[in-house]
Amino acid sequence: MPGPAPTLGHPMANPGYGKRSAPDQRPHTGHDFAHLLPRDAAIATYIDGLCDGADISVKMLAKVLPYGQCALRTTLNRLQEAGHLRRGSECVATEEALIWVTRTFFSRTARKDEWWAAYTRGDVPQPSQRPTRSRSFILLAALGETAPALTLSERNCVTLEPQLSEWFERGATEAEVMSALTQGLPAVIYSSVDFVGTRLLRKLPPARIAPVRQVVLRTLECSECRAPGSPEAMRGGRCGACRGQSSDVPSGPAGAVPVQGVRARMSAVRAGLASRAERTQR
């Protein structure tokens with residue numbers, strides 16, 4: 001079933017920040033967020049329709065949605081607990097510099113903690129299901145949901161599929177394609193397949209230059225105290241302290257000195273070292 005139409009005109013975050021869609025999501029259905037409370041489902045649907053890089057901070061969402069910052073903050077935390085969202089940072093390493101940027105990862109498909117941990121490590125799990133149709137066919141079939149005048153038959157979708165695939169090969173996103181096809185429609189469209197085909201040809205974007213290959217490191221942060229930590233420590237998006245987990249539970253590798261014992265261990269090491277004067281006399 002076609003998903004929600006991309007939300008156009010929403011403010012974008014500063015470059016490198018904002019929403020980042022998780023990979024390998026299942027196709028849209030009419031009940032993607034049916035398991036959530038009505039308000040949470042409405043906000044999740046709105047965020048799902050935004051393109052990557054959109055500003056989904058609490059302050060910005062409060063400006064465009066009919067909810068206050070407190071309600072939005074509560075909803076984002078519940079989306080995190082439900083497996084749709086994770087907050088964190090990403091270290092983007094290029095040939096020139098290392099840059100840490102803030103990310104808000106969003107997944108239409110609810111994910112378990114183990115999936116988010118694997119994604120944070122860069123070990124993206126293989127999807128259990130893949131669409132039987134191409135990315136281009138799915139978008140063309142859904143076009144009529146956004147613009148009824150552009151409804152296409154199955155044969156039309158097959159005909160236009162190669163044209164649209166060239167857009168994706170050149171780096172275009174679904175949101176960009178939908179905007180190019182649906183903005184400024186004339187009052188009457190006599191042939192939807194001819195109209196869409198003409199727009200795909202006339203508005204075909206130039207090929208984008210491939211960016212420098214990047215090495216990406218990620219870390220998640222607690223939704224309550226904002227402390228960074230390993231994905232394994234962020235069960236449900238919260239650190240052990242905020243979940244009420246005892247601080248006595250070791251968090252490091254086997255054999256590591258507990259945090260409270262580091263100072264005592266260092267004092268013992270210093271006491272066993274000979275002073276510089278003693279070393280000279282020897």
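Helices α6 and α8 pack at an angle of about 15 degrees, with their axes 10 Å apart; axes are lines fitted to C-alpha atoms, for helices over the stretch in contact, and angles run from 0 to 180 degrees between N-to-C directions. The two helices α6 and α8 are therefore roughly parallel to each other, given that angles under 35 degrees count as roughly parallel, over 145 as roughly antiparallel, 65 to 115 as roughly perpendicular and the rest as oblique. Helices (H or I, at least four residues) and strands (E, at least two) are DSSP runs, numbered from the N terminus. The model is predicted: local features need pLDDT of at least 70, side-chain atom pairs count only at pLDDT 80 or more, and totals for chains, interfaces and linings use all residues. Residues are numbered from 1 along each chain as its sequence is written, and side-chain values use heavy atoms, with hydrogens and water left out.

The crossing of α6 past α8 is left-handed; a crossing is left-handed if the near helix is turned anticlockwise from the far one by less than a right angle, and right-handed if clockwise. From α6, Asn156, Leu160, Gln163, Leu164 and Trp167 meet Val193, Val196, Gly197, Arg199, Leu200 and Leu201 of α8, where contact means heavy atoms within 4.5 Å. This contact of α6 with α8 comprises seven nonpolar, three polar and one charged residues; Ala, Val, Leu, Ile, Met, Phe, Trp, Tyr, Cys and Pro count as nonpolar, Asp, Glu, Lys and Arg as charged, and the others, Gly among them, as polar.

Helix α5 packs on α6 at an angle of about 125 degrees, with the axes 8 Å apart, which makes α5 oblique to α6. The crossing of this pair, α5 and α6, is right-handed. Residues of α5 in the contact include Phe137 and Leu140, and those of α6 include Cys157, Leu164 and Phe168. Nine nonpolar, two polar and three charged residues form the contact of α5 with α6.

With α7, helix α5 forms an angle of about 45 degrees, the axes lying 11 Å apart, so α5 is oblique to α7 as well. Here too α5 passes α7 in a right-handed crossing. Arg135, Leu139, Leu143 and Thr146 of α5 meet Glu174, Val177, Met178, Leu181 and Thr182 of α7. Five of the residues in the contact of α5 with α7 are nonpolar, two polar and two charged.

The largest nonpolar core has 22 residues, and Leu152, Leu164, Val177 and Val196 have the most contacts inside it. A nonpolar core is a set of buried Ala, Val, Leu, Ile, Met, Phe, Trp, Tyr and Cys residues joined through side-chain atoms within 4.5 Å; buried means under 20% relative accessible area, exposed over 50%, and partly exposed in between (1.4 Å probe, protein chains only). At least two residues of this core come from each of α5 (135-146), α6 (154-169), α7 (174-182) and α8 (192-202), and α6 gives the largest share, five residues. Leu164 touches Ser136, Leu139, Leu140, Val177 and Leu200, not counting residues up to four places away in sequence. A second, separate core of 18 residues includes Ile47, Ile56, Val58 and Leu85.

In helix α1 (residues 38-48), the buried residues are Asp40, Ala41, Ile43, Ala44, Tyr46, Ile47 and Asp48. They pack against β1 (19-21), α2 (58-64), α3 (69-81) and β3 (98-106).

Overall, the protein chain contains ten helices and five strands, and 36% of its 282 residues count as buried.
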